[in-house]
Every structure is written in C-alpha cells, then in structure tokens.
Amino acid sequence: MTAAVRLDLARALVVAGIVLYVPANILPVMTITVTGDVEPLTVLGGVQELYDSGLWPVAGVVFLASIVVPFLKLACLSWILLLHGTPHLRPQRTAVYRILHQVGTWSMIDVFLLAILAAVGQLGILASVQPEPGGLFFAAVLLCTLFAAEFYKPTLIWNPDGDPQTAQ
Amino acid sequence: MTENSSAQVPPSDHGRVVKARRFRVSLAWLFPVLAAAATGWLFWTHWKERGPEIEIEFPDAPGIQAGKTALFYRGVDSGKVTEVKLDPKLGHVIVSVQLKAFAAELAREHTDFWIDQPEISLQQMTGLDAIIQGNSIQARLGHGPFATQFKGLAGPPLLELDKPALVFTLHADKAPFVARGTPVLHHGVQVGSVRDKGLEKDGRVWLRVVVDAEHAHAVLDTSRFWFVPAASLHLSGRGASIDLPSLAALVDGGIAFDSFVPGGNPVPDHAELPLAPNEAAARADGPEIQITFDTGEGVTAGETRICWLGQPVGLVKTVHLDPATASVEATVQLDSPFASLARAGSIFTLVRPSISLQGVSGLETIVTGPYIACKPALDGAAATQFAGRTVTDEEWNKSIAERDGLRIVLTAPELPTIERGAPVYHRGLVVGTVLEKFLGANGQPSLRVVVRAEYRDALRANSRFWRVPATSVAAGPGVLDVRVSGLLGLLQGGIAFDVFGENGSPAQEAATFPLFDSETLASAVSVPVRIAFADGHGLLAGRTQLRYLGVPVGVVEDVQTKDSQVTVVARLQTGFEFLRRAGSAFTLVKPEVSLQGVSGLETLVSGVYIDCQPGTGPSFAENFTGRASTDTALLERKGFPIHVTTAQTAIRPGALVTYRETRVGEVVGKTLAPDGSHVILDVLIDEEQRGLVRQNSVFWDASAIDGSLGFIKFRIHTPLLIAAEGRLAFSNPPRGSAAPAERGATFELQRPPRF
C-alpha cells in the first residue's frame, strides 16, 4: 500500500466520520424501556439523563468518552491530515497521533457497552434495552476514526511520500 | 514514488496521470459518499414517516408526557406527543401530537381523541397496558375534512372503533352495581355492554348501552330490560338453588333483556327504553291496578308477586301508606297477557303463612314470602281499584258473615275453657263464634256470641245452648264412646245449640240465653219433677240420668237434702212428659253384685241412674217418692203375691223361691208381724207359675242342704255357699192337690218334707 493510498483512505474515512458524526449524535443510540416507560436515548440525551439523575461524574465520563473524544479524534485527524506534506509542527503532530492511537484502543468501549446492554438488558416487560440506528452510526464514526488513524502512519508526517514498510 | 515521478513527467503525459489519480481518488472517497447516503436516507425516511402535527385540547391530561406518550389507533402506535402545555387561561391542556405518515388520515375533523387510563374494577380491567406503558391517547377515526385542532373527549367514547352497533338509553330508578362494561345479556349471551351511566335531572339513572351490530336484531320494541343480580339464591319447596347468570356478571350482575310477547319491531338507534329492577318487574308491563289492604305486612314493592293459579302474573310496584284511611295501597302491575285479570269483582288476597288450629295455610310463603293471590271474576268490566283481603277466603267470608250475624249473650254460673274464638255448633255445623268472654252486670260470666247471618234462622227464642266439652267419654255396657269435638274443640271446646221441641220465634238481637253444662241438661226442658229418696247415694246434679226402658229421658238438675231425705229435681226431655203422670215410679238403680247375680253393672261406669216407670194417673204430678231398688227387674215383674210366716228364718228379700229345684219366684220382702210374734216373708211367684201354689203347698227353708252319708245324716246351712239371702222352696203333697191358692194367701214355713 502506497503512501498516497493510505493518505487517500485516511482522508476519505475522516470525511465519512465527520458526515456520520451528525446522525450518530442526533439519532437515539438505544431505547431503554423500564416498566413501560419508553425512553429513546441519544448519546447527549444519555449524558443529560445521567446528569439529571445526579450522577454527574459518570455523566462527565460518558460525555468525554462518547462525545468529546470522538469529536477530538475527528478534529485531530483532520488537523494532522490537513497539515500533511507541510513541514509545520511535525513533532506536535506526532505527539497528537500517538495520543490518538493510545485513546483509540478504548474508543469502541461505548459500542461494546451498548452491545452488552442490549444483550443483557432483556427483562421482558419490565425492562429492555433496544439498540437504535444511532448506535450503528456511532460505531461507524469510531470505526472511521480508528481506520483513518491506522491507515495514516506517523512516518508519513515526517516523510509524506514514503512508505515505511515498502521502503524498508 | 509515483507522486514524485508524476511531478516530473512531461506535459504530454499529464492527461493520463490525471486520469489515473482521479480513478484512485474516487475509490477511497466511496466511504464518505456512502456515509452521506446512509445519513441522507435515514433523514429522508424519518421525514417521510412524519405525518401532520395536530393539537388536541383535553380538560386534563394525566400521565401525558411530551416525547413519550404515544397515540394509538386500533392498537397501533400512530403518533407521538411532542408537546404538552396549558392554554393561556389554564382552562385546558393542549397536547401536540406528531402523527405518523400512515396515520395522517386520523387528522379528520370528527376524529375523537381520548386519554386511555387504566381502569380496574371488580367488573373488569381495562387499559391494563396503560399501567405498564403509561397512559396513552386513543383515537377513533372520524369523517370530514382534514384538521389540526381537536377537542379531546373526557372519557372513552361509546364505541371505541367505528364499528356499526345499536346504541340506546335505558332509564331506571336506580342502577347499583352497574358500571361501564357491565354486560348486557340476551338468553344468557352477552350481546353488548353498558358504556356510560349518569343521572338525569329528575334523579333517575340513564345507562347508555351499546349492542353489537350482529345482535342488534335481538333488541325489539317489545323487549323488556331488567337487572340480573350477580348471584341469586332461590329457595323453594324443591330445595335451594344458587343462580349465577354468568361469570362476567358474577361480581356486578348485568342487564338482561327478552321479549315476553311475540312480535315486535327492531328498535331505532338512540331509543329510550325502561329498565326494570328484576325479571318479575320486567314481565309486569301490563296495566297498573291499585289494591288496598288493611295491613301491608309482608307486601314489598318490587318483590311481592301477584299469583293466579299459583303462577306469578304480576308484581307490586309501589306500596303507598295512606294515613287518612290507615290502609296500604299497593300499586300492582300485571303482566300484559294477564291484564284481563283486573276485572270488577276480582278478588286479591294477601297470602301469608298461617298456622292455627283450623289448619296450616300459606306455608310456602315462609320461604317465598307473601304473595297476592288473584281470583279473577269471570266477567266484569275492567277495573283498577280493588279492596284486597289479608285473610283467606274462608275467614273473609266468615268475618263478613259475622259482621252481619246475630249477636247474643250466653250466661252460665261458670265458664271454664271456653275462650274467644271458640266455635258455636248447630247440629255439627260451625255457625258462629264466641266473640268475647266477660263478666256480666250481675257478676255472671257471660259470653258474647255471634251466629253468622246465614244461620241466624237456626237460632230461635227457645233454643238451648250447652257446652261441648273438648272431649267426652260416654261408657255403657259394651259401649265406649269417645267424642272429640274436632281439633279446635279438643283444646278449648265449644258451644252448641239446638231447639228441643217446636221451633219458637226467631231469636232477637242481643237476647240472653242460659248456657247448660251438657246437652242432656239442655235438652231436658220439661217442668221440674221432684223425687224424694231415702238415700241419695251416687246422685249427681246435672249428671245422673232419668231412664225409661233404659233410654235416657231426662236429667237430675239439682239434688237437695231436706228433712233427712234427698230430693232430686229432675227435668224430662221433650216427648217424655207422660213420665210425670201421677203414679209414676222412680227407682234409683245402683250396681249390685251378689251370688244371685249381678245387676246394674253398667252403673259402675255410668253412675247411678233413676229408672222411670210411667204412672197411669190422669194428671201430672210434681212430687214423687222414689224407691231404692237393687233389682229393677223385680220391680217390673208382675207376680202372684203370697206370704210365708215363720217364727224366725235367715231368708231375706231377694231369696229365690224354688219348686222342684226350679226358680219360680222370689222373696221380695221380710217384715216382722205387728206383734212381733213371727216373721212374714213377702213372696212373689212368677205369674205363669202361679198354678203351682196350692192351698196345701208346703214351704220350707232350703237354705240348708240335708244329706246322708250312710246312717249319718247331716245338714249344711248354705247361706255362705249359695246365697246370702237364703232360699225358699215349696212342693205339693204327692197325693191329691188342693185347689189353687188365692192371691195373698199365707203359708206356714215347715220343716222340709222327706221324699
């Protein structure tokens, strides 16, 4: 895989991620039904719910993990990709990339949690958790950022045209 | 590398490179295009699903939440509440609902919306899903142009879906236990239900009933509706049965209807029909009549039935107490087929349980409750006002008869056991009643007695009254007569009267009669006869009878003791006046037991009596001298009297006189000669044997038995063996009889001859 292909894939995935980020946050991620109370929850709605329940530390964590982090990932990736080929701020870009990569390991935890909830939270008429399309979009956003980060190697920051693997 | 080389390619090569780049770029950029397409599709479908947004105005909106509460039509989620707010005047709740696209048709002008709340009653549970899901908004599709503003219903509509059905209104005085959902049954099949109930201005209850279209034909204008109790307990002579009309009605009961007359037309929609409290009331749809009773005991509005031939034909609708006349007026509604029972002259009798000595009646009403028995007149104009009876026909007739009857007063020295209500008999018929027992002005116990109108002719001025004892036992030889004067008489006895002799003039109202202790006393109507006895042993006033040839002909009325003798005042019955003639003989007959025989044995049981022998005197006498006799046969015998004299003898009156060991007469008297020198035996020889007594007849004392055993002769006196009186024997000399003895001849008692 050439550097150009990687760059293109990364760019396309980031754009797709940005596009998907909108419905991922607008559409409900899941529907929680507790004793007949049907509650379609968006990611932001979930945070709101948690905050309203007084669980503001949890709300903060979820807010960070599910909204801020994906947003920052997209923003950072966009920034790195925009500066691709230019000599500016190369060490910073590399540092940001490393952080992104590290955080990326945990980025699917929301989706994982949703999957667990949907699987476990089937208590019949009393309570049920139903995954909604928003979750799919959310997962797609995360996948896009993950793969974008994966395709774009940090060597490309320093060597925009080179393919580290093929070069060696 | 490629990038680098492309930058250095000559301009002639430029186009190819660009083409290659463009191809590569478009492949990678498929991701964002796909993402955009997916997003776009999602939003587009979402937008496509949106129907019109409507606003519904509710008086209140419990449990309605924006973003959560759904609108259901036919159970399908058809929209979502987006906003709940109050109108500016806080008078209503305005609920905005975002309909789904497929439910856009619901936004029609006449569509009904209501809030479905869980309703849990014993009758049924509705809106159970609302408990779990929360309240929801329900819709029923209407017609008309599209609209966005609606006025919601306060409660569920009669028909939740626009199914065709028959809707009508029932009116009842009260409707306990009827609620929304109460089943409407026809022949036990639920054909509809009560959808709503409310009060009218006049306080009556209306019930809106919806009957399924498929059963609407069962509702006719002749149908009668009534409440079915949840469970009813029937008690009858056949036992008890519990009637549970249906499980659904078990708790609340239901409403049933049926037509009791053939024919009828279907009722129109929104008809107004009456609702009866029970089936009997529903059947009673004929004319109303008023029956007035002097007591309303047991008459219950809505329960008491009218029965004809034992079958119910109507029902008491209302019971009205009239203070002015102190009577109870029952308004009765007859079943229409039996309207003709209400004719002038029909008799309505309140039947209640009655247990008396006369009998037991209306026993079934102990269980079933009193009812009104109808005895219709055969013809007569239709009538609506009747005077009801509260007693049986028999008693009614009796009371009517007694009202018009003849009232008289009976007096007696004492009046045991006879009480108010005791019967008055005339020749075995009950003709009257004792009305009252009171102490008369002169301190005499008195009875006021009424003789019924139809028997008043039987009561004459010379009628004689006597007490009929509860039980009487008359005993005579071979006869034991136990008389029980009916069940009633058994306990309290009664009074009887009759005329002995010629009928007198009719008795007058309020006349006073004496009351005799017994029929014998009452029937002895002659002038009193006074008979003097030396010994009054066994004589009882009012009890001892006078008999002629063994037949009772009178009774001793009084026994007086005067001048060391007993005087009996007796009266004779009609037809036996001849016994009062001068010369009549009265003999006191007592039981006698001796070796000669037993006599007057019947008097052991019946007591002594006075035997009468009519005299032949030309006129009636009042005073007689009675005789005490041991043997009435002796008195009656016509004999041939002779006398036998002896110095002394053990022979006493009653001794037999024998001739050749054959009885031919009797010693009837034993007297001492005036100078005391000898004893004279009066002997009566049977008339047919008188020829045996000759002038030379030899009489001897046969009380002793002479016998010889070989050469030893002995003599045994036999009084103890044979007869206390002894025995007198006679014979004639074997050779040549003398002429027959004369009446009253005297013979000397001699030694027994040797044969």
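Author: In H3(A), the buried residues are A:Val62, A:Ser66, A:Val69, A:Pro70, A:Lys73, A:Leu74, A:Leu77 and A:Ile80. A residue is buried if 20 or more other C-beta atoms lie within 10 Å of its own, exposed if 12 or fewer, and partly exposed in between, with C-beta atoms placed from the backbone. This is a predicted model, in which local features need pLDDT of at least 70 and side-chain atom pairs count only at pLDDT 80 or more, while totals for chains, interfaces and linings use all residues. Residues are numbered from 1 along each chain as its sequence is written, and chains are lettered from A and ligands numbered from 1 in the order in which they are written.

Reader: Which helices are included in what covers the buried residues of H3(A)?

Author: Helices (H or I, at least four residues) and strands (E, at least two) are DSSP runs, numbered from the N terminus. Two residues are in contact if their C-beta atoms, placed from the backbone, lie within 7 Å. The cover of the buried residues of H3(A) includes H1, H2 (43–52), H4 (90–104), H5 (109–120) and H6 (133–151) of chain A.

Reader: At what angle do the axes of H1(A) and H3(A) cross?

Author: Axes are lines fitted to C-alpha atoms, for helices over the stretch in contact, and angles run from 0 to 180 degrees between N-to-C directions. H1 (residues 3–26) and H3 (residues 56–82) of chain A have axes that come within 10 Å. Residues of H1(A) including A:Val14 and A:Ile18 meet residues of H3(A), among them A:Leu74 and A:Leu77. The axes cross at roughly 145°.

Reader: At which residue does H3(A) bend?

Author: The bend at a residue is the angle between axes fitted to the seven residues ending there and the seven starting there. For H3(A) this angle is about 35°, and the residue is A:Leu64.

Reader: How many helices and strands are there in chain A?

Author: From the N terminus on, the elements of chain A run α-β-β-α-α-α-α-β-β-α-α-α. Of the 168 residues in chain A, 34% are buried. The count for chain A is 8 helices and 4 strands.

Reader: Which are the edge strands of the open sheet of 7 strands in chain B?

Author: Two strands pair if DSSP finds at least two bridges between them. The sheet has mixed pairing and the order S23-S26-S20-S21-S22-S19-S27. Each edge strand pairs on one side only, and the two are S23 (347–351) and S27 (385–387) of chain B.

Reader: Which residue in S26(B) is the bridge partner of B:Val351?

Author: S23(B) and S26 (residues 371–375) of chain B run antiparallel and are joined by 5 bridges. In S26(B), the partner of B:Val351 is B:Tyr371.

Reader: Is B:Ser446 buried or exposed?

Author: B:Ser446 lies in strand S31 (residues 445–451) of chain B. Not counting residues up to four places away in sequence, B:Ser446 touches residues including B:Leu410 and B:Phe438. Because 20 other C-beta atoms lie within 10 Å, B:Ser446 is buried.
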